[in-house]
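User: Could you walk me through some of the labels used for this model? I'd like to see the criteria behind them.

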Amino acid sequence: MSALVHSRAGPEALAATLSALVTGVAEGVVADAVVIVEQESEAIDLIIEATGAHHVVIAAGSDPWSAGAALARRDWFMCLEAGDIPLEGWIGAVDRFAFIAEREGYPIGRLARRAPDWREWLRERVGRLSREVRAGDIVHRSRLGGAHAKRLRIAGVEAQILRQPQPDRDFAAAG
């Protein structure tokens, strides 16, 4: 599995997410990481270089997941927002989902998000209704780009992500 990390926050949020993925790399579940940014930053570039991740710069409003997938080595992706921290048990749950997903007809798995405040909690509740790929999803390469968005079946994955509050993000940009 490849980790796709969309970084719209500061370097601390990116570092926290990438460091949380280290156990997944050690267990053989995460093969590589691609960081998707909307603008270059020396601090972000240092983190990317130190972790051995790849990165791609996209235009604001572009689909980050498709852009990241173009550089990823695997066909299954764990989509994360910088600041997302997968909580205990995520490795086994994600690995199980990817193993059985195609056979069961679930092209997308959705991790639950533990919100640190009421705004993030509300974003999570509204976001559960979306059929679009979003941060916290496990998705197969064939399902990116929206070609199958209306027919996608989404399975809950028995793991959680702690979403760090993003004070610089607008509340209307629910993700």
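Analyst: Happy to! Accessible areas come from the Shrake-Rupley method with a 1.4 Å probe, and for residues only the protein chains shown count as cover. On that basis the protein chain exposes about 9,000 Å², with carbon and sulfur atoms supplying 53% of it. This is a predicted model, where local features need pLDDT of at least 70, side-chain atom pairs count only at pLDDT 80 or more, and totals for chains, interfaces and linings use all residues. Residues are numbered from 1 along each chain as its sequence is written, and side-chain values use heavy atoms, with hydrogens and water left out.

User: Why is His 6 called buried?

Analyst: Buried means under 20% relative accessible area, exposed over 50%, and partly exposed in between (1.4 Å probe, protein chains only). His 6 has a relative accessible area of 5%, so the residue is buried. Buried residues make up 46% of the 175 residues in the protein chain.

User: What is His 6 in contact with, leaving aside its neighbours within four places in sequence?

Analyst: Contact means heavy atoms within 4.5 Å. With those neighbours left aside, the contacts of His 6 include Ile 36, Pro 64, Trp 65 and Leu 80. His 6 itself sits in strand β1; helices (H or I, at least four residues) and strands (E, at least two) are DSSP runs, numbered from the N terminus.

User: What makes the pair of Trp 76 and Phe 97 edge-to-face?

Analyst: Rings of Phe, Tyr and Trp (its six-membered ring) pair if their centres lie within 6.5 Å; planes under 30 degrees apart count as stacked, over 60 as edge-to-face and the rest as tilted. That rule gives a count of 1 aromatic pair. The ring centres of Trp 76 and Phe 97 are 5.8 Å apart and their planes are at 85 degrees, so the pair is edge-to-face. Trp 76 lies in strand β4 and Phe 97 in helix α5, so the pair ties together parts that are 21 residues apart in sequence. Both Trp 76 and Phe 97 are buried.

User: How do you know that the buried residues of α3 are on the same side?

Analyst: In α3 (residues 42–51), Ile 44, Ile 47 and Ile 48 are buried. The arc is that of the directions from the helix axis to the C-beta atoms. These residues cover an arc of only 100 degrees, so they are on the same side of α3. On the other side of α3, the exposed residues are Glu 42, Leu 46, Glu 49 and Ala 50. Among the elements covering the buried residues of α3 are β1, α1, β2 and β3.
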